[in-house]
Amino acid sequence: MIRRLRKYDQALIESHFNSLDDEALYSRFGTHVPSQGLQNYLSDILADAAFIFGAFPDSCLRGVGELRLIPDHRHHVAEAAFTVEKAWQDQGIGDALLSRLITIAQNRGIREVHMLCLATNQKMRRLAAKHDAELTLVPGQVEATLTTPWPTPFSMAKEFTSEYRAFARAVLSWPNQAPTSQVAQD
Ligand SMILES: CC(C)(COP(=O)(O)OP(=O)(O)OC[C@H]1O[C@@H](n2cnc3c(N)ncnc32)[C@H](O)[C@@H]1OP(=O)(O)O)[C@@H](O)C(=O)NCCC(=O)NCCS
């Protein structure tokens, strides 16, 4: 299950990022992030116009996909980034998050989605290639560029039904989905 994360999910998001090891954080940000820097990043993660989505394969937050508009590109270009907890990798969660972000971008007229990862990040490179991204090597890193199609009634319906279904599931499985219950479990 994938749904958009909101202010009330802040504790879940922090718990997810704080559960990642140094290697995963290095892969995500492309550099070593000091603990305080990570906390600062997390405190603002939902503050701007970003689209932050979470994957809940077992009713706990296990993966996060972020889509942010790149300033000065007339809202036509965005950047995407992903994190999936190690025990949940290689099960299609990254792919599902990327697919959702592509639909979100498509429906908002965002024409390009960029993803930056370390050149050694084979999983991310594989994901980008599966979605026909154009790969460009920059020193030590790979920039993947996805061209998104124009919105269609089908893409609009897809976004609406996915979000509606996720909301309905969250309501039906309450209180297991309540933010505090996962933090307590972890
Ligand atoms: C990158 C990341 C988000 C991928 O998430 P994921 O849930 O494992 O992704 P998926 O399972 O959907 O897809 C992984 C793909 O890589 C493939 N893969 C795994 N190991 C691989 C390797 N060594 N070489 C090539 N491909 C590999 C998998 O087989 C799968 O492809 P497939 O679906 O065709 O079989 C996750 O590894 C992660 O959180 N890494 C740390 C943070 C990071 O690097 N973020 C990216 C930078 S923003």
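**Notebook: strands, ligand shell, core**

I started with the strands of this predicted model. S2 and strand S3 (residues 63–69) run antiparallel, with 5 bridges joining them.

Arg3 sits opposite Gly54 in S2.

Then I went to the ligand. I found 22 residues around it, and the closest are Ser27, Gln89, Gly94, Asp95 and Gln122. Two or more shell residues each come from helix H2 (22–29), strand S4 (77–84), helix H4 (93–107) and helix H5 (122–130). Which element gives the largest share of the shell? That is H5, with 6 residues. I also sorted the shell by class and got 8 nonpolar, 8 polar and 6 charged residues.

Last entry, the largest nonpolar core. I have 29 residues in it, and the ones touching the most other members are Ala80, Leu97, Leu101, Ala105, Val113 and Met115. S2, S4, H4, strand S5 (112–118), H5 and strand S7 (141–147) each put in two or more residues. H4 gives the largest share of this core, 6 residues.

What does Ala105 touch, leaving out residues up to four places away in sequence? My list reads Leu67, Ala78, Ile110, Val113 and Thr148. Val113 turns up again here, as one of the core residues that touch the most other members.

Conventions: Residues numbered from 1 in each chain as written. Predicted model: local features only at pLDDT ≥ 70, side-chain atom pairs only at ≥ 80, totals over all residues. Near = placed C-beta within 6 Å. Helix = DSSP H or I, 4+ residues; strand = E, 2+ residues; numbered from the N terminus. Nonpolar A, V, L, I, M, F, W, Y, C, P; charged D, E, K, R; others polar. Pairing = 2+ DSSP bridges. Core = buried A, V, L, I, M, F, W, Y, C linked by C-beta atoms within 7 Å. Buried ≥ 20, exposed ≤ 12 C-beta atoms within 10 Å, placed from the backbone. Contact = placed C-beta atoms within 7 Å.
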